[in-house]
Amino acid sequence: MQGFLSKLAETVVQQHGTDLSRIALVFPTRRAGLFFKKELAARLQGPAWSPRIFAIQDFMVSLSESSIPDSVTLLFELFSVYRNYFPDEPFERFYPWGEVMLRDFEEIDRNLVDAEKIFTLVSDLRSIDAAFALEEDDLERFRGFWKNFFGRELSGIKSEFLHTWKNLLPIYRDFRKKLQDKGQAYEGLAYRLAAEQLRGDGKPAVEFDSVIFAGLYALSKSEEAIIEHFVDQGIGATHWDTDRYYLDDPAQEAGYFLRSSPLFREPRNWVGDDLLRQPKSFEVASIPLEVGQAKYAGDLLAGWVKEMGFLPERTAVVLPDEHLLFPVLYSIPEDFPSINVTMGYPLRLTPLYRLLESLIALVRNRRSGKEDAGSYYFRDVEQILGHPYVRLLDPEGLRDWQQRHRDKRWIRISESVLRENVPPFFSRFFKKVEGMPALFAWFREILRAVLEAMQEQEFRFHRLESEFVFHFHKQLSRLEELVRDLPVEQSLETFWTLFREVVHSARIPFTGEPLSGLQVMGFLETRVLDFDNIIVLSVNEQSLPSGGQHPSFIPFNLRKAFRLPTQEEQHAVSAYHFYRMLQRARRVVFTYNTESKGLTSGEPSRFLLQLEHELVPRSQGAISWERKVITTPIRDVHPLPVTVRKDADVLDKLQRYATAPGKRPEASARFSASALSTYIACPLRFYFRYVAGLQETEEAEENLEAATFGSVLHRALQNLYKTGKRWEAAGVRALRKRIEEQVDEALHHEFISSDQLEGKNILLRNVIVELTGRILEKDEAYAPFEILGLEEPVEGRLALDDKRTVHFHGFIDRLDRGADGVRIIDYKTGRVKLESTVDTEALFSDPAAKEQFQATLYAWMVLQGGAYDTVKAALITLREMREGVRYLNEGEAFSSVQLNEFEERLRRLIREILEPDVPFAQTDDEERCKYCPFREICNR
């Protein structure tokens, strides 16, 4: 099937012969011109002068006598005008509005709208008819907009809008004049000036005998006026790339601009009928996740390349979503020796941009202290030190420092800490940076350090990643030149605003042979190009058509009234390019992401539904349609049970717990209540933690977590009561005055200094103060009593049948003696499932009874010491402070029968732990695995 560019090349040769030096061709993109040259060369028998080839944007700018500065320079020029009307507005606050304003001015001029009318503030609705020569429908839209303002009393937002609105016209005038005085223009203004010049003197602005406008669509009013001028002068010709299917059907939005364009005149040449008449196969594959789509595309290409007659250069992978570029490149099979990427990769998506973004957050959140000593928020520090590029600089040193940081629990890290006993590169990252020149130098220093680290450590992707560094350095130098002489505040916010603007528009180009091999391209790069085989990824509703509309000062009603582009027109443009891409294709595969995440709905594009329910039925069998659901194969295999047999190495480690008669064990070889509770919950977890010695990954706490919260409370109570042993009610009452002092001291010891507390931590500190006061209130009612121990160490021992001894240890939060005898009191910060009586067997089988198990074990050890005849056990649960002290064993002291029964069951438990033939097996109750730190090892 002959493509559009092939047909155009034949026509040009037939009409103009081989002397094409006086011919110009204008295409939608530069790439289209490159492919046209290939088609043209194939039809010339010998040497010939090439015609001039333009992209539409380049051609329109060439007609203007004005130079077009880059977007940053234009924003600075607009800001200098804007300050005349809003003198107190800093640049960083102006910037987002400036972008919107500049875009509106672009659209107004590009579409030849009368700025005087659209920005005029109409105070009398009756004057609309006389002031505006609009069609009735457009006039009604205009009235409707202003009635919203003048129909009732103005609100604050409306007043602010009107205040800004009435200044837009003078800003627009002054901005235009300032640029024109310098011989400059923004693109839309350049288009307008070129159109007005051609209207005024009627002279062609170019030295060509013929200008051919090929494959254009959705032209602005200024573009239409300029092209119409060339056509009317007899030196212009238009060739449209379109199809009857969407052109002749008013319900098809794809043909909207052609049907309404004054350039699309009779006779309508080159209107094809390929969509309905030419055989095609369409496949729609729904695939979870973006990477899944890339992998599927790779599998398709691997199959196609083995087909007879398959031509890679007639095949395109189209990416409406630029995030998929690298996943697709990594998925293309090696059978494709030549790949041409026509889309650049955005710098803003690179890991290096994330690092620079983190550096700005670091400086933005820096605080100055005494003598200008600075401190940094620990999350900002971790974000930088955790970046893969930074880890290249000193992996070992970083690991050591991060471990120290976790131990110290710093929330804000001072610069002095970041200068002492740290890897040398810290001085580059963590220092005071003020003013734009210092920021430029700092960024340049960081980029150099990263590049050197890549070279020294032979980084795997060094070539690609070093390209990132080069382009960032290039953009940094470009911005530095731009702002050097501009009257703008040299602040951090201004620097980052401008740098982000420059980077967001920058892309990393890919080198290659553009006319051969597999083509990987963006959606708009397909304009006027034809391929036999096409894979289109991310055909989701948010990608095709692209969702959302740019913000604008010009509301929707006014945009419609003055025929400015709206979202409806944007969708019509997407629809045209979508259908045009399919016109001459033979095989097309569409994929879309089925996952709903964030703003992505997981819905296929409406274009796919239009193909399925409109195009395919009307093709009368010429188009085949197939739907597929692509999923990753799932093997329904249950994880095998994990057990650890007690081999010689494991038994050797367990022997530490059982000592020969007369010997004391090491501190690490004594059973604690938490260790035994862990075994009761899951023997395998006990093995991981207490035999294999696996540790949980600790993270620095930003807020007081439950464990630290409890530690602070315990220490505060310990500090209060350590000043005496016997306490009367009056003495306990007096302690209330010292609560805040002792809580702050405990915070300093267990967490951070109280003067560094922020946000939630201040509230939690106040909660601890309140809870401490309530405990003292209960103690005051219980007085008099005697404190026998605070955080009291307690030990126990148990003789086994083979005469070896097992030792136990623990710390009792509080041991006291009152009117009802000796009490063991344990403070609990979490939820406690507490029953007044629990049978002994349940203590050794139900993890929910771990608090009762611990209290009973402590009572058994205390009585074993012989200092007391009887003991009671009680809990103070901070979540149920209203209930006060909650006694176990129905408030009675443990009897000798109970403790003897407990001891015998404890002996059985220890024998099981030490028994060589009993492996460490995982629990059968998977509910216990939900919060286990080792669950991933077990695949639970």
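Okay, let's start in a loop: Pro-545 sits between β16 (533-536) and α25 (556-561). Those labels are DSSP runs counted from the N terminus, with helices being H or I of at least four residues and strands being E of at least two. Before I go on, this is a predicted model, so local features need pLDDT of at least 70, side-chain atom pairs count only at pLDDT 80 or more, and totals for chains, interfaces and linings use all residues. Residues are numbered from 1 along each chain as its sequence is written, and side-chain values use heavy atoms, with hydrogens and water left out.

So, back to that proline. The peptide bond running from Leu-544 into Pro-545 is cis, with omega near -10 degrees. In that loop between β16 and α25 you also find Ser-538. Ser-538 isn't a glycine, yet its phi is positive, about 55 degrees. Ser-538 is also buried, at a relative accessible area of 3%; buried here is under 20%, exposed is over 50%, and partly exposed is in between, using a 1.4 Å probe and protein chains only.

For background, most residues other than glycine have a negative phi, and most peptide bonds are trans.

Val-528 is in the loop between β15 (518-522) and β16. Val-528 has a positive phi too, near 60 degrees, and is buried with a relative accessible area of 1%.

There's another cis bond to show you, from Ala-783 to Pro-784, with omega near 10 degrees. Look for Pro-784 in the loop between α34 (760-782) and β22 (785-799).

Next up, helix packing, and α22 is the helix to watch. Two packed helices get described by the angle between their axes and the distance between the axes. The axes are lines fitted to C-alpha atoms, for helices over the stretch in contact, and the angles run from 0 to 180 degrees between N-to-C directions.

Take α22 (residues 436-456) against α24 (residues 492-504): the angle is about 50 degrees and the axes are 9 Å apart. That makes α22 oblique to α24. The cut-offs are under 35 degrees for roughly parallel, over 145 for roughly antiparallel and 65 to 115 for roughly perpendicular, with the rest oblique. The α22 and α24 crossing is right-handed, meaning the near helix is turned clockwise from the far one by less than a right angle, with anticlockwise being left-handed.

Who touches whom? With contact taken as heavy atoms within 4.5 Å, α22 brings Met-436, Leu-439, Phe-440 and Phe-443, and α24 brings Leu-492, Thr-494, Phe-495, Trp-496 and Phe-499. By class, the contact of α22 with α24 has eight nonpolar residues, one polar and no charged. Nonpolar covers Ala, Val, Leu, Ile, Met, Phe, Trp, Tyr, Cys and Pro, charged covers Asp, Glu, Lys and Arg, and the others, Gly among them, are polar.

Then α17 (residues 351-364) packs with α22 at about 135 degrees, axes 12 Å apart, so α17 and α22 are oblique to each other. From α17 we get Leu-352, Leu-355, Leu-356, Leu-359, Ile-360 and Val-363, meeting Trp-442, Phe-443, Ile-446, Leu-447 and Val-450 of α22. That contact of α17 with α22 has eleven nonpolar residues, no polar and no charged.
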